[in-house]
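Hello,

Here is the structure we talked about, for you to open alongside this message. My notes on it follow below.

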Amino acid sequence: MDAAYNARASAARNSSFAERSVYSSSRAVDRGGTKDQAAPRPRGDPSFLFHAPLTTLIAGVNGSPFVHVDLFTINIRGRNIDDAPRIQVLNQRPQRQVLRLGQRWDAVDQIRLPRQMRKNRDAIQIHFGQKKPRALEIAETPDAPDGGEHALAAREQPPGHAFAREPKSENDHTPTLYFAWMLKPATLKPTIFREYDIRGIADAELPSEGVRLLGQAIGTYLIRHDSRQINLARDCRLSSDRLHDALLAGLLAAGCHVTDLGVVPTPLLYYSVFHLKAGGGVMITGSHNPSDYNGFKVMHGKSTIHGEEIQKILRLIQSADFETGEGSLRCVDIATPYVDEIAAQFRLPRRVRVVSDAGNGTAGPVFRRILEKLNCDSIELFFDMDGRFPNHHPDPTQPENLQHLVAAVLANKADVGLAFDGDSDRIGAVDEKGNILYGDQLMIVYAREILSRKPGATIIGEVKSSQNMYDDIRRHGGNPIMWKTGHSLIKARMQETHAELAGEMSGHMFFADRYYGFDDALYAACRLLEIVSNATAPLSSQLSDLPRVESTPEIRVDCPDEKKFSVVKAVRERFQRDHEVIDIDGARINFGQGWGLIRASNTQPVLVLRFEAQTAELLNQYRKQVEDAVAEASRQES
Ligand SMILES: [Zn+2]
């Protein structure tokens with residue numbers, strides 16, 4: 001139960017119709033709906049469950065003029081309502097049934113709904129159109145055979161969240177059981193609209209009705225940017241089908257012409273926008289996040305939108321500013337042209353023995369088709385899609401997720417091991433000795449090959465990447481650029497600088513050289529197979545000439561979303577006093593013989609730390625300095 005709704009319940013409980021005025025849950029709601037201590041609690045006869053100017057109500061449901069109620073009989077009374085509201089029943093699918101059109105909103109309207117609705121946990125939606133009523137009350141009526149209040153005492157109250165009162169007079173038809181607990185957000189919390197995608201816990205934060213509105217908002221955004229043709233794809237997570245149905249309904253309601261690609265890797269959605277010349281696309285995916293997460297990556301043209309553009313979509317939902325039209329839907333097989341185009345690019349001169357771990361994500365079925373066309377012996381791990389990810393978490397940046405792969409590479413005497421995240425836009429790799437190649441080491445391997453053909457090429461790395469990588473690119477005649485973490489941001493920077501290659505520690509690899517410039521782990525895997533096949537020496541020897549440095553993997557420290565940015569800021573300011581600090585993204589502190597990084601994750605409530613130094617002693621020393629500063633900043637923030 002959301003504290004805001006409890007607050008609203010207690011506020012309404014203590015307010016009478018006469019004195020309700022503007023007093024409402026507004027303060028609790030306006031602050032984001034999490035705290036209620038500022039709300040006054042006037043004494044008086046508890047008459048109304050819920051009363052607030054609708055602007056407040058709108059804020060309470062994140063800006064959409066909808067209210068959801070889970071119950072079977074309600075009274076609704078509104079004042080100064082110009083439009084007759086539409087009252088609809090929603091079930092779990094985005095289908096709807098209009099039960100009744102309210103006409104007389106100066107009086108109490110009563111709606112009776114089948115008990116079955118409550119069993120189904122269906123919702124009632126009250127839609128006010130563009131004209132907003134100034135006041136609104138919602139409450140349940142006793143649904144008793146003798147017709148009313150008398151049954152009240154015998155009625156069991158829902159635990160904790162409902163309350164009852166005796167009628168004030170004979171003329172008092174105010175409902176007697178009030179349901180604050182049933183008011184729930186119809187749409188999406190603003191916090192899930194992140195820097196480079198829209199992402200949350202599927203069951204808790206991505207309700208179908210909210211996702212339908214998101215679809216209509218994305219459709220509206222793209223249509224207004226002359227992009228009515230939209231490609232839609234999803235990953236194999238258990239919640240993806242539901243989110244797909246809801247999002248599709250919204251896209252069609254906006255009037256989009258949708259091409260549905262089904263369950264495919266994220267890079268195939270990117271590819272489809274090029275191949276089918278679409279105006280944009282939406283990928284439904286939780287990427288490498290735990291299996292209960294899901295989210296949306298939105299393409300406008302050939303770019304993934306980020307930052308302010310994602311906020312514009314949120315504002316379309318908040319203002320209910322939607323296009324409407326007659327959409328259309330077709331389904332297309334994108335895997336066949338994709339597999340043909342990729343496989344045609346590679347001729348492996350020497351047969352490569354490769355182990356691949358698809359982690360039960362989307363990579364398996366498509367990568368198998370590519371490998372069948374290449375000169376290699378393929379050993380498959382977890383190629384069947386399973387959205388529960390039963391074998392290991394689909395995140396190849398975490399060494400524990402690569403243990404099956406390492407073991408299989410050694411057992412099979414393979415030349416190379418490959419791993420993919422849940423939606424196949426991130427690659428992991430191990431050499432023939434079972435050593436993990438982190439993102440910046442892979443970048444060195446890729447960059448050297450490109451620079452051997454394209455001297456002077458621009459190559460982009462992120463703030464977490466090793467100094468070795470930047471130095472090596474420069475030593476091989478390249479132009480290295482350090483940039484922010486985040487696939488949308490890297491992609492955008494790449495287009496601005498005409499870079500040939502970009503890459504992140506997370507395994508997002510972007511090839512503009514010979515390819516389209518989007519992050520495609522299946523394509524990156526083929527590039528690595530090609531390098532291994534062309535090399536005379538094993539993969540482990542390719543990086544043996546690099547200066548020795550000690551480094552940590554990504555260290556993730558739990559930190560609440562609302563605190564993480566201020567902690568980073570405090571640590572940055574602490575070190576800026578006496579160190580050189582690169583502040584492109586968080587703080588990369590130069591300690592002289594190494595560096596330390598702290599930044600806030602855009603996708604999880606964590607701080608990301610990484611360290612590199614010339615010796616293990618220095619590494620520990622730098623790490624301790626930063627971790628102490630983080631601990632101190634966290635204490636001060638709480
Ligand atoms: Zn991913």
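In helix 15, which spans residues 487-497, the buried residues are His487, Ser488, Leu489, Ile490, Lys491 and Met494. Please keep in mind that this is a predicted model. The cover over the buried residues of helix 15 includes strand 15 (303-304), strand 22 (458-462), strand 23 (479-483), strand 24 (501-503) and strand 25. After helix 15 comes His498, with a positive phi near 55 degrees.

**Other positive phi values**

Most residues other than glycine have a negative phi.

- Lys413 is not a glycine, yet its phi is positive, about 50 degrees. Lys413 sits in the loop between helix 12 (403-411) and strand 19 (416-420). Lys413 counts as exposed because it has 8 C-beta neighbours inside 10 Å, and the cut-off for exposed is 12 or fewer.
- Arg514 also has a positive phi, near 65 degrees, in a residue other than glycine. Arg514 belongs to the loop between strand 25 (509-511) and helix 16 (521-534). With 11 other C-beta atoms within 10 Å, Arg514 is exposed.

**Helices 13 and 14**

Helix 13 (residues 439-453) and helix 14 (residues 467-475) have axes that come within 9 Å and cross at roughly 10 degrees. Helix 13 is therefore roughly parallel to helix 14, since angles under 35 degrees count as such. On the helix 13 side the contact is made by Asp440, Met443, Ile444 and Ala447, and on the helix 14 side by Met469, Asp472 and Ile473. Sorted by class, the contact of helix 13 with helix 14 has five nonpolar residues, two charged ones and no polar ones.

**Nonpolar cores**

Which residues touch the most other members of the largest nonpolar core? They are Leu251, Val416 and Leu522, in a core of 115 residues. This core lies between domain 2 (190-333) and domain 3 (337-542), because both domains give residues to it. A second, separate core has 23 residues, among them Ile589, Leu609, Phe611 and Leu619.

To look at one member of the largest core, take Leu522. Leaving out residues up to four places away in sequence, Leu522 touches Pro265, Pro267, Ile342, Ala363, Val366, Phe367, Ile370 and Ser424.

Regards

Terms used. Residues numbered from 1 in each chain as written. Predicted model: local features only at pLDDT ≥ 70, side-chain atom pairs only at ≥ 80, totals over all residues. Axes fitted to C-alpha atoms, helices over the stretch in contact; angles between N-to-C directions. Helix = DSSP H or I, 4+ residues; strand = E, 2+ residues; numbered from the N terminus. Parallel < 35°, antiparallel > 145°, perpendicular 65-115°, else oblique. Contact = placed C-beta atoms within 7 Å. Nonpolar A, V, L, I, M, F, W, Y, C, P; charged D, E, K, R; others polar. Core = buried A, V, L, I, M, F, W, Y, C linked by C-beta atoms within 7 Å. Buried ≥ 20, exposed ≤ 12 C-beta atoms within 10 Å, placed from the backbone. Domains from an automatic or database assignment.
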